[in-house]
Amino acid sequence: MDGITVGFVMPHWLYWGLILAVPPILMFLVWRAEKKPDQSPVPDEELALDLLAQEDPAMHAPGNAFTHALDWISNKTGVFVALWTIIPVCFYTYEVVSRQIFGLPTIWVHEGSYLLFGMQYLVAGGYALLHGSHVRVDVLYVKLPERGRVGMDIFTSVFFFIFALTLLGTGWQFFEDSYQMQEVTMETWGIQHWPVKGVMVLGSVLLILAGISKLIKDIMLFRRMGEDA
């Protein structure tokens, strides 16, 4: 970076603070907007509110109180990390203004953004599983009767848990090694890397919780179909 003048460098504590503070603030503002009387949102506002505070699927999904609680966790964490998308948008807007107007490029915007998107991807796994958004090969699946598809889901859950537990164990090892070494990224900004790897552990736990809920609901549904047959 010799001979290059850079603009504002975001402190690491502020970066982590934004990640933790922005989603709950926005969720609170949406909650307050929904509580105001006689203010029906226009269609565009309804779409925005639905993105920020979706109705809990646990209120309508089959299962029991335990699965409803797990689904609530998956849903809320998914909405929480979805709001992280706003942060990189603000980062890159600042980068464009700082670089193009004032001639002061940053050394942290790109790194901070791609790390955030990576953490978002990891934490949202449970939410994606809850809403059936994971990729599935349907060559055989779609040809089965409804009870057969549920049975296939129960069978394939074995492989799901093998993957999820392997991810958890590997993620924990990465996190532990990174924390002990106080690892930082290799870019100029040099932010701590161990919290990012810690998110891999958190995402694995959330994915396993969502998988447990889905397995319980699948078993209950499979039995109910057998009784109705």
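The structure holds 5 salt bridges, a salt bridge being a side-chain nitrogen of Lys or Arg within 4 Å of a carboxyl oxygen of Asp or Glu. This is a predicted model, in which local features need pLDDT of at least 70 and side-chain atom pairs count only at pLDDT 80 or more, while totals for chains, interfaces and linings use all residues. Residues are numbered from 1 along each chain as its sequence is written, and side-chain values use heavy atoms, with hydrogens and water left out.

**View A. Lysine 217 and aspartate 71 form a salt bridge.** The N to O distance is 2.8 Å. The pair links distant parts of the chain, 146 residues apart: lysine 217 is in helix 8 (residues 194–228) and aspartate 71 is in helix 3 (residues 65–82). Helices here are DSSP runs of H or I with at least four residues, numbered from the N terminus. Both lysine 217 and aspartate 71 are buried, where buried means under 20% relative accessible area, exposed means over 50%, and partly exposed lies in between (1.4 Å probe, protein chains only).

**View B. Arginine 99 forms a salt bridge with glutamate 95.** Their closest N and O atoms are 2.6 Å apart. Because the two residues are 4 residues apart in helix 4, about one helical turn separates them. Glutamate 95 is buried, at 11% relative accessibility, whereas arginine 99 is partly exposed, at 39%.

**View C. Threonine 106 makes a side-chain polar contact with glutamate 95.** The distance is 2.3 Å; a polar contact is a pair of N or O atoms within 3.5 Å, one able to donate a hydrogen and the other to accept it, and residues adjacent in sequence count only if both atoms are side-chain atoms. Threonine 106 lies in the loop between helix 4 (86–100) and helix 5 (109–123). With 13% relative accessibility, threonine 106 counts as buried. Beyond its neighbours within four places in sequence, threonine 106 is in contact (heavy atoms within 4.5 Å) with Phe8, Tyr94, Glu95 and Arg99.

**View D. Glutamate 183 forms a salt bridge with lysine 197.** The closest N and O atoms are 3.1 Å apart. Glutamate 183 lies in the loop between helix 7 (146–181) and helix 8, and lysine 197 in helix 8, so the pair ties together parts 14 residues apart in sequence. Glutamate 183 counts as partly exposed, at 22% relative accessibility.
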